[in-house]
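Morning, everyone. I'll take a few minutes on one model, so let me put it up.

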Amino acid sequence: MILLAPHCSESLAPSNGGLFSSSKRATSPLQNRVGGLRRRSSGRLSRSRSTRPETATGSTAFSCKTASGRSFFLSRDPIGVRGGINLYAYVGGTPTSSSDPLGLAGWGGAASNTGDWATGHKGGDTNYGPDTGEAQEMSRSIAAQKLTSYFTSKNSGILCNDWQGVSDFKASFDFRELFGEHSNGTAEFVGSARGDVVIGVAFCNSGSSNGSVVAIFVLTNTTSLTSLLYGLWPNAWNVTKPGAPLSNWTQTYEWTQTYSCKCCDSN
Amino acid sequence: MSGLKPIAASAVILTSILLLSCEGETKKLVDGYRLERFAENGKFYLITSRSESGGGVFDGTIEKIGWNQDWILASVTRLYNGDPNGWYALQVKTKQVTGPFSEAEIKANPAFSGILPISCADVMAGKSGR
């Protein structure tokens with residue numbers, strides 16, 4: 001949906017080099033697809049013009065009841081709703097019999113992924129879309145937060161239709177994610193990843209100078225014997241057959257985020 | 001932690017190795033600056049520390065690079081698609097980055113004389129861009 005705010009001086013209709021592409025980007029034919037995105041021959045991601053629906057985030061709280069019937073929390077996840085709507089997920093949903101004082105819960109997921117890769121249960125290319133738990137967990141990783149912070153700071157004060165994406169962000173693993181409140185199983189398994197942000201759509205609210213930008217965040221990681229062995233294992237010796245034990249496994253984690261923006265200068 | 005079984009401990013160690021090994025190879029340039037080839041995309045970044053996120057010193061990926069004791073010159077593709085690509089110069093002592101410059105401007109600037117930028121792959125292979 002592209003609307004033009006009535007008192008804006010400039011059109012918000014997308015054009016070449018406008019909303020969906022940068023004039024500095026390569027114009028070579030689109031090649032590989034990553035989920036709903038396409039990777040150009042330059043390696044940069046782009047997205048064809050489309051409207052992605054905004055997702056409404058509900059809030060749900062899990063609680064116990066006292067004799068009086070009043071709800072209370074035994075011990076909420078210290079990171080709150082940022083860790084998902086199930087505030088007891090970190091103790092497997094059983095707050096009365098489990099605890100995670102050291103924040104090691106993420107290790108289970110990391111070890112499970114490692115085992116699946118080593119035994120060949122996971123390999124090839126896997127796309128974790130916005131609705132998957134893996135993508136949601138990656139979106140909460142410190143690496144993703146740094147990518148988000150970079151993207152928003154770069155677009156701070158920019159009009160909606162001038163927002164630009166980010167390519168080849170080096171999203172390095174942060175060791176705070178091993179323990180404590182930042183413990184994150186998917187991030188622990190992924191380690192460092194490549195980060196990209198593509199502008200999905202931008203629109204103005206009818207009769208207002210305010211609008212929104214929907215950004216698509218993508219983190220990409222390849223697990224291989226070369227990466228396992230610090231590059232000492234030659235790439236040529238990697239196992240490339242999908243489904244084989246220890247074979248190369250590329251994971252793509254994709255999620256969207258909606259931002260408020262100005263459609264035109266207020267003066 | 002005390003209830004951790006040996007098999008789980010092994011998985012934890014293996015996972016630690018996995019996540020530790022995701023950074024790429026690096027090559028020392030000058031005064032603590034290093035060229036890194038990031039394993040996840042094969043692109044090159046100028047860094048000062050292995051754990052940095054983002055685009056490194058030039059806020060982008062590097063195709064060609066050259067240096068001497070005073071300057072590091074690089075052909076940079078900026079991370080933010082709204083930023084201009086081109087040649088950028090880092091003054092080593094002041095840590096100031098200037099640019100973008102055109103190739104002609106680089107060649108005409110006497111401060112950069114004697115610097116011969118080469119491909120990052122060549123730098124990694126041991127060739128010198130100085």
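First, a definition: helices (H or I, at least four residues) and strands (E, at least two) are DSSP runs, numbered from the N terminus. With that, chain B reads α-β-β-β-β-β-β-β-α-β-α along the sequence. That is three helices and eight strands.

Some ground rules. This is a predicted model: local features need pLDDT of at least 70, side-chain atom pairs count only at pLDDT 80 or more, and totals for chains, interfaces and linings use all residues. Residues are numbered from 1 along each chain as its sequence is written, while chains are lettered from A and ligands numbered from 1 in the order in which they are written.

Staying with chain B: how much of it is buried? A residue is buried if 20 or more other C-beta atoms lie within 10 Å of its own, exposed if 12 or fewer, and partly exposed in between; C-beta atoms are placed from the backbone. Of the 130 residues of chain B, 41% are buried.

Now chain A. Five of its strands form an open sheet, ordered β6-β10-β9-β8-β7, with mixed pairing. Two strands pair if DSSP finds at least two bridges between them. At the edges sit β6 (124–128) and β7 (166–171) of chain A, each pairing on one side only.

Look at β8 (193–204) and β9 (210–223) of chain A. They run antiparallel, joined by 10 bridges. A:Val201 stands opposite A:Val214 in β9(A).

Next, the core. A nonpolar core is a set of buried Ala, Val, Leu, Ile, Met, Phe, Trp, Tyr and Cys residues joined through C-beta atoms within 7 Å. The largest one has 43 residues. Among those with the most contacts inside it are A:Leu147, A:Cys160 and A:Val213. Which element gives the largest share? β8(A), with eight residues. Another core lies apart from it, with 25 residues, including B:Leu46 and B:Val123. In soluble globular proteins, nonpolar side chains tend to be buried together.

Take A:Val213. Contact means C-beta atoms, placed from the backbone, within 7 Å. Leaving aside neighbours within four places in sequence, A:Val213 contacts A:Cys160, A:Trp163, A:Ile199, A:Ala202, A:Tyr259 and A:Cys261.

Why does A:Ser156 count as exposed? Because it has 8 C-beta neighbours inside 10 Å. Its C-alpha atom is separated by 36 Å from that of A:Ser227, 71 residues apart along the chain.

That's my tour. Over to you.

Notes
Contact = placed C-beta atoms within 7 Å.
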